[in-house]
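This report describes the strand arrangement and the packing of the structure shown below.

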Amino acid sequence: MPEKLTVDLHPVFRSDRDIDNAVRRALFRGAAAKVAVVEIIPGKGSGKLKNRVLAMLRQAHLKKLYRRVEVAPGNDGKVLVHLK
């Protein structure tokens, strides 16, 4: 069982649809592979992308996949999603 799955949003940050697809794909792939943590890297920047990702993770159909979400300690540019 892999420890974590990482998705970097830097290549797709300009397209809302690509951001949504990348996050959803990573969560579903991680859940199917029984990965413990999905690491989403929105980057530091202004925080808009991170806030978008956090808002997206609050959707009911995605909340079913994880136990908790946290910003990585010591790195504001990473969001850690702890899967069930």
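Leaving aside neighbours within four places in sequence, Ile-40 is in contact with Val-7, Leu-9, Val-23, Val-53, Leu-57, Gly-77, Lys-78, Val-79 and Val-81, where contact means heavy atoms within 4.5 Å. The model is a predicted one, in which local features need pLDDT of at least 70 and side-chain atom pairs count only at pLDDT 80 or more, while totals for chains, interfaces and linings use all residues. Residues are numbered from 1 along each chain as its sequence is written, and side-chain values use heavy atoms, with hydrogens and water left out.

Two of these contacts are also bridge partners: Val-7 is paired with Ile-40 in β2, and Ile-40 in turn has Val-79 as its bridge partner in β4. Helices (H or I, at least four residues) and strands (E, at least two) are DSSP runs, numbered from the N terminus. Two strands count as paired if DSSP finds at least two bridges between them.

The four strands form an open sheet in the order β1-β2-β4-β3, with mixed pairing. Because β1 (4-8) and β3 (66-71) stand at the edges with a single partner strand each, one side of each is left without a neighbour in the sheet. Neighbouring strands are turned by 15° against each other on average, direction ignored; axes are lines fitted to C-alpha atoms, for helices over the stretch in contact, and angles run from 0 to 180 degrees between N-to-C directions. The pairings are listed below.

| Strands | Sense | Bridges |
|---|---|---|
| β1 and β2 (residues 37-41) | parallel | five bridges |
| β2 and β4 | antiparallel | four bridges |
| β3 and β4 | antiparallel | five bridges |

Further along these pairings, Lys-4 stands opposite Val-37 in β2, and Arg-68 stands opposite His-82 in β4.

## Burial and the nonpolar core

Five of the five residues of β2 are buried, so β2 is largely enclosed by the rest of the structure. Here buried means under 20% relative accessible area, exposed over 50%, and partly exposed in between (1.4 Å probe, protein chains only). On one side of β2 lie Val-37, Glu-39 and Ile-41, and on the other Val-38 and Ile-40, all of them buried. The chain crosses from β1 through α1 to β2 in a right-handed β-α-β crossover: with the strands pointing away from the viewer, the path from the first strand over the helix to the second runs clockwise.

In β4, likewise, five of five residues are buried. Val-79, Val-81 and Leu-83 point one way from β4, whereas Leu-80 and His-82 point the other way.

The largest nonpolar core has 21 residues, of which Leu-9, Val-23, Leu-27, Val-38, Ile-40, Leu-57 and Val-81 touch the most other members. Such a core is a set of buried Ala, Val, Leu, Ile, Met, Phe, Trp, Tyr and Cys residues joined through side-chain atoms within 4.5 Å. Two or more residues each come from β1, α1, β2, α2 (48-57) and β4, and α1 gives the most, with five residues.

Lys-34 lies in the loop between α1 and β2. Lys-34 is exposed, with a relative accessible area of 57%. Its phi is positive, about 60°, although Lys-34 is not a glycine. Most residues other than glycine have a negative phi.
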